[in-house]
Amino acid sequence: MIMLWREERMNGTRSTLDWRTARLYPIPSLIYLIHNNVQFATLTYVDTSTYQIMGNLKIVTTGILFRLFLRRKLSNLQWMAIILLTVGTTTSQIKGCGEGNCGSLFSAPYEGYFLGLVSAFLSALAGVYTEFLMKKTNESLYWQNAQLYLFGVLFNFLRLVLEGGWQKVWGLFNGYDVMTWLVVLNLGCTGLLVSWIMKYADNIVKVYATSMAMLLTMILSIFLFNFRPSLQLFLGIIICTMSLQMYFTPPHLLVELSACQRDPGPALSTISIEKPNAAT
C-alpha cells in the first residue's frame with residue numbers, strides 16, 4: 001500500500017476499483033489458503049525428505065497447466081528441460097544412505113502421496129491463475145497486489161477465528177521477536193518479486209528462479225555455516241544449470257551444425273543438353 005501511494009503521488013494517478021476484475025481476486029487467495037493447509041496435512045504423513053522430493057512435482061504440473069490454461073506452446077526441447085529440472089532438484093535433495101535411513105524414503109502411507117500430488121497441483125494452479133490475473137489488465141502492479149493480499153488476509157483471518165476463536169486472534173503476535181519480523185519482511189519482499197515475475201515474465205521463469213536459488217543457498221551456507229556440500233547437491237546443480245540453458249537458449253545455438261550445413265556452397269544450375277540431329 002505504501003508503494004502504491006508513492007506511485008500514485010509521483011504519477012498523479014489514482015487507482016479505481018473495477019468490480020468485474022476485483023471479483024476474480026478471491027479465487028487465487030482461496031487456492032493458496034487450501035494449498036497451505038494441505039502442505040501441513042501432508043507433513044503429518046510423510047517425512048521432510050519425502051515432502052521436499054514430492055514438492056518438485058509442481059515443476060511438471062506448472063508446465064502442464066501453463067500449456068493448458070494460458071495456451072503457451074512449449075517445444076519438445078523445453079519439455080525435456082522442465083523434466084530435467086525436476087530431476088536435478090530431486091537429485092540435490094536426496095541424502096546418501098550413510099546419512100539417513102534410505103528405507104524410510106517413500107515409505108509413507110498412500111494418503112501422504114495423494115496429498116503431495118494435490119499440493120503440487122494447487123501450487124501450480126494458483127501460480128498460473130495469478131499470472132493470468134496479473135496480465136489481464138494494465139492496472140498498477142501494487143494495486144493488483146493490494147487486492148490480492150487483502151482477500152488473502154481476510155480468508156486466513158476467518159480461518160483462524162473458526163479454528164481457535166477470538167482468543168487466538170488476540171494472541172497472534174505473541175512471541176514475535178526481531179528475527180520473526182525479519183522473516184516476515186523477507187517473505188513480503190519475496191511476494192513482491194514474484195508478482196513482478198508474474199506481471200512481466202511467466203511461471204516458468206519463477207520455477208527456474210526458485211530452483212536455481214539452491215546454488216546461492218549452497219554458496220552462502222558454505223561461508224556462513226561451514227556447510228559441506230554433498231555429491232548429490234553438486235550433481236543436482238549441474239543438471240539444473242543444463243536445464244536452464246536448454247530451456248532459454250534458442251535451439252539453433254544448442255546444435256552445432258556441420259560444415260556442409262553451414263556452407264552449402266554455390267547452388268547447382270540446370271544445364272540442358274540438346275540431342276544432336278541424326279542428319280548432321
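**Helix pair and core**

**Exercise 1.** Work out how α3 passes α7, and what their contact is made of.

*Solution.* Start with the handedness: the crossing of α3 over α7 is left-handed (the near helix is turned anticlockwise from the far one by less than a right angle; clockwise would be right-handed). Sort the contact residues next, and you get 14 nonpolar, nine polar and no charged (nonpolar is Ala, Val, Leu, Ile, Met, Phe, Trp, Tyr, Cys and Pro; charged is Asp, Glu, Lys and Arg; the others, Gly among them, are polar). Now the geometry: the axes of α3 (residues 26–43) and α7 (residues 110–136) come within 9 Å and cross at roughly 155°. The two helices are therefore roughly antiparallel (angles over 145 degrees).

A note on the source: this is a predicted model, where local features need pLDDT of at least 70 and side-chain atom pairs count only at pLDDT 80 or more, while totals for chains, interfaces and linings use all residues. Residues are numbered from 1 along each chain, and side-chain values use heavy atoms, leaving out hydrogens and water.

**Exercise 2.** Find the residues that touch the most other members of the largest nonpolar core.

*Solution.* The core has 21 residues, and the ones to pick are Ile82, Leu85, Ile204, Tyr208 and Tyr247 (core members are buried, under 20% relative accessible area, and joined through side-chain atoms within 4.5 Å). Then look at who contributes: α5 (57–69), α6 (76–93), α7, α10 (203–225) and α11 (231–248) each give two or more residues. Finally, α10 gives the most, with six residues.

Technical notes
Axes fitted to C-alpha atoms, helices over the stretch in contact; angles between N-to-C directions. Helix = DSSP H or I, 4+ residues; strand = E, 2+ residues; numbered from the N terminus. Parallel < 35°, antiparallel > 145°, perpendicular 65-115°, else oblique. Buried < 20%, exposed > 50% of the residue type's maximum accessible area, 1.4 Å probe, protein only.
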